[in-house]
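User: Could you take me through a structure? I would like to ask a few things as we go.

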Amino acid sequence: MIDMEERIMIENGTRLDGRRFDEVRPIKIEVGVLRNAVGSAYVEWGKNKVIAAAFGPREVHPRHQQSPIKAIVRCNYNMAAFSVPDRKRPGPDRRSSEISKVISDALTGQVFVERFPRTAVDVFVEVLEASAGTRCVALTASSLALADAGIPMRGLLVGCAAGKINGEVVLDLGKEEDNYGEADLPVGIEPMTGEISLMQMDGHFTREEFDKALGLITEASKGIHEMMIEALKRRYSEV
Ligand code: CDP
């Protein structure tokens, strides 16, 4: 959504990378990839490569952040300097603070935080390669890392987006589609209940387009959820 220049991104009903409108980019999931984290997950999603590490419930530092009635869930999203074609300046910035916040808020709704008062559950996300939709990949990986860490949760959150390109509502925008498209709607959803824990929007949808986008996300999230469960099962059948 950074450039308003009109680009042809759909030809003969097919997108630039050959996908159908309702097709997500290829996804690969591996759980338990880090020896020194309590729980971890690695997700490749299109050209995105994201790793998440989970810790806790553990003592809260700084102490003033602790809550006497519940655990706090914190997320730290970071993009590696080499993750994008133009080197990303290392360290936190407004964008990474925003993404960290929306992910921790979304995860807080899934973790049984009332069971662990005065503690913190921490998730660290490292984006190794970025190519549109990293917050969705990061949320999916974070959710898996928490599950791998054995943190009691209501369910697994799937991050998935839909957007609009050349006037068509399509699932999971790729990099060019993200740059030249008309709208993007990243969502965090628990597919078993349909509960939505994250929703942001960039650009414009009509009401009908919005409903269609959400419908595509809801449908796709079920398949991604199955892949997540499979990855967790693989991890625990190997031990
Ligand atoms: O990654 P996501 O779509 O959740 O967030 P965004 O802020 O909409 O960023 C879209 C894409 O822009 C990212 O996935 C990266 O591919 C790219 N980007 C970049 O090239 N350099 C940055 N400093 C930040 C993002």
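Predicted model: local features only at pLDDT ≥ 70, side-chain atom pairs only at ≥ 80, totals over all residues.

User: Which residues surround the ligand?

Analyst: The ligand is surrounded by Met 79, Val 84, Lys 88, Arg 95, Ala 130, Ser 131, Ala 132, Gly 133, Thr 134, Arg 135, Lys 175 and Asp 178.

User: How do the residues of that shell divide into nonpolar, polar and charged?

Analyst: Four are nonpolar, three are polar and five are charged.

User: What lies 2.5 Å from an oxygen atom of the ligand?

Analyst: That is an N or O atom in the side chain of Thr 134. Backbone atoms take part as well: a polar backbone atom of Gly 133 is 2.8 Å from a ligand oxygen, and one of Ala 130 is 3.4 Å from a ligand oxygen.

User: And how much of the ligand does the protein bury?

Analyst: The protein buries 73% of the 510 Å² that the ligand exposes when taken alone.

User: Which pocket is the space taken by the ligand?

Analyst: That space is the largest pocket.

User: Let us turn to the backbone. What is the phi of Ala 132?

Analyst: Phi of Ala 132 is near 75 degrees, which is positive although the residue is not glycine. As a general rule, most residues other than glycine have a negative phi. Ala 132 lies in the loop between strand 7 (119-129) and helix 2, and Ala 132 is also among the residues that surround the ligand.

User: Is Ala 132 buried or exposed?

Analyst: Ala 132 counts as buried because its relative accessible area is 10%, and the cut-off for buried is under 20%.

User: Where else is there a positive phi in a residue other than glycine?

Analyst: Asn 12 has one, with phi near 50 degrees. Asn 12 is in the loop between strand 1 (10-11) and strand 2 (14-15). Its relative accessible area is 83%, so Asn 12 is exposed, the cut-off for that being over 50%.

User: Where do the two prolines lie?

Analyst: Pro 57 is in strand 5 (residues 48-59), whereas Pro 62 is in the loop between strand 5 and strand 6 (72-79).

Notes: Residues numbered from 1 in each chain as written. Heavy atoms only, no water. Near = heavy atom within 4 Å. Polar contact = N/O pair within 3.5 Å; in protein donor to acceptor, adjacent residues only side chain to side chain. Areas by Shrake-Rupley, 256 points an atom, 1.4 Å probe, with all protein chains shown as cover. 1 Å grid on protein atoms, 1.4 Å probe; cavity = no way out; pocket = protein on both sides within 12 Å on 5 of 7 lines; lining within 4 Å. Sits in = over half its atoms within 2 Å of the grid points. Nonpolar A, V, L, I, M, F, W, Y, C, P; charged D, E, K, R; others polar. Helix = DSSP H or I, 4+ residues; strand = E, 2+ residues; numbered from the N terminus. Buried < 20%, exposed > 50% of the residue type's maximum accessible area, 1.4 Å probe, protein only.
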